[in-house]
Amino acid sequence: MNCFSVRPNILYFDHFDEFTRKFLIGPKDLLITNQKIADTWFREKIKTAALIIPSDYSEGEPSDQMVEYIYNDIRYTAYDRVIAIGGGSVMDIAKLFSLKQITPALDLFQKSAPVIRSHGLILVPATCGTGSEITNISNLNMISLHTKLGLTDDSLYADYAVLIPELLKTLPYSYFAISTFDALCHGVESYLSPAATPFTELYSKKTIDMVLKGYMEIAARGLDSRFESLDNYLLAGTYGGIAISNAGCGLIHALAHPLGSQHRIPHGQALRILFTAVLKCYETYVPDSKIRTLTAYLSDLLNCPQQNALERLDALIQTILPLQPLKTYGVRQTDLHTYARSIQSLHQKLLNNSPYQPTLKNIDEIYRSVY
Ligand SMILES: [Fe+2]
């Protein structure tokens, strides 16, 4: 039984210039990033590489349509390496452009086309939480299916995951909040996963510990205190990525997928809506599962009685990333049952990674409770 692996080489640089000196970015590179990062960090320094800004092609989370548009632009561009600098969306796209066959993306995701790696891949996170630089997963909104799908394949592992805390200095607070919350969810869901091992639990618990201690610091000293610990948040995101690449995500991520694809709710915000409701569902239906050891761990971290751990956790998160009910995002109550059914048919793998196999009625109840 293979119980733990970390595939990409991990490099750490204090400054972006050290990264460019090491990798000598040039004309045989395809750079994928966002406008702000390009303008701030390298537009004047790296002029020879082909540059792709995904938001130039369509708005919102990456989709199969966006991949098609980008592919049409670069299909005659020769490149040896794909270098992505950005958040999870940028890295999701970059992983696909390291493959031999890129479109139709739906064929790749439904495994009716071969997933074959043909280019180098260097992933540099510029948010602190998706952990995508470590994982072999690409998530894409499939327009025709009205949901996000995940492609998991070892060909999607980066050659290098490069951590540069300096990049986080210009990250707006809203992105900081939703990306660190994503990391927290990765820690929690991988810890609760039936696929967890003692090795993954180390990373899961460390992720939870680092994010929550950071949140407590922010709650006590204000939002700007985060700038003193950017390296910690960056590491927490990568630790969470290591945990989910081995133990997987679960029900919270499954329920978040239709909200992201249909209503453009940012990934971390969608997780925030569902987080406490799903954990309370576990407390109700499987109280003797690992939810018990999780709440014991949380009660130590939060210095509160175990039976109050989820409430105390939610109150702390509320100071960082306030909860907004689903209806404020334009979700119709009549949509919820459709989403619940799509989760059962399209995201069984994520449901299998949960400590409890929810029925359709359970999923409906969770959605309604956060509506
Ligand atoms: Fe996530």
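User: What should I know about the numbering and the cut-offs?
Analyst: Residues are numbered from 1 along each chain as its sequence is written, and side-chain values use heavy atoms, with hydrogens and water left out. Since the model is predicted, local features need pLDDT of at least 70 and side-chain atom pairs count only at pLDDT 80 or more, while totals for chains, interfaces and linings use all residues.

User: Why are helix 6 and helix 11 called oblique to each other?
Analyst: Helix 6 (residues 173-192) and helix 11 (residues 291-302) pack at about 140°, axes 9 Å apart. Under 35 degrees is roughly parallel, over 145 roughly antiparallel, 65 to 115 roughly perpendicular, and the rest oblique, so these two helices are oblique.

User: What makes the contact of helix 6 with helix 11, by class?
Analyst: Val-188, Tyr-191 and Leu-192 of helix 6 meet Ile-291, Thr-293 and Leu-294 of helix 11 (contact means heavy atoms within 4.5 Å). That gives 5 nonpolar, 1 polar and no charged residues.

User: Why is helix 4 called largely enclosed?
Analyst: Buried means under 20% relative accessible area with a 1.4 Å probe, protein chains only. In helix 4 (residues 88-96), 8 of the 9 residues are buried, so the rest of the structure largely encloses it. Asp-92 and Lys-95 are among them.

User: How do you know that strand 2 and strand 4 pair?
Analyst: Pairing takes at least two DSSP bridges. Strand 2 (residues 29-33) and strand 4 (residues 81-86) have 5, in the parallel sense, so they pair by that rule. Ile-32 stands opposite Ala-84 there.

Terms used:
Axes are lines fitted to C-alpha atoms, for helices over the stretch in contact, and angles run from 0 to 180 degrees between N-to-C directions. Helices (H or I, at least four residues) and strands (E, at least two) are DSSP runs, numbered from the N terminus. Ala, Val, Leu, Ile, Met, Phe, Trp, Tyr, Cys and Pro count as nonpolar, Asp, Glu, Lys and Arg as charged, and the others, Gly among them, as polar. Buried means under 20% relative accessible area, exposed over 50%, partly exposed in between (1.4 Å probe, protein chains only).
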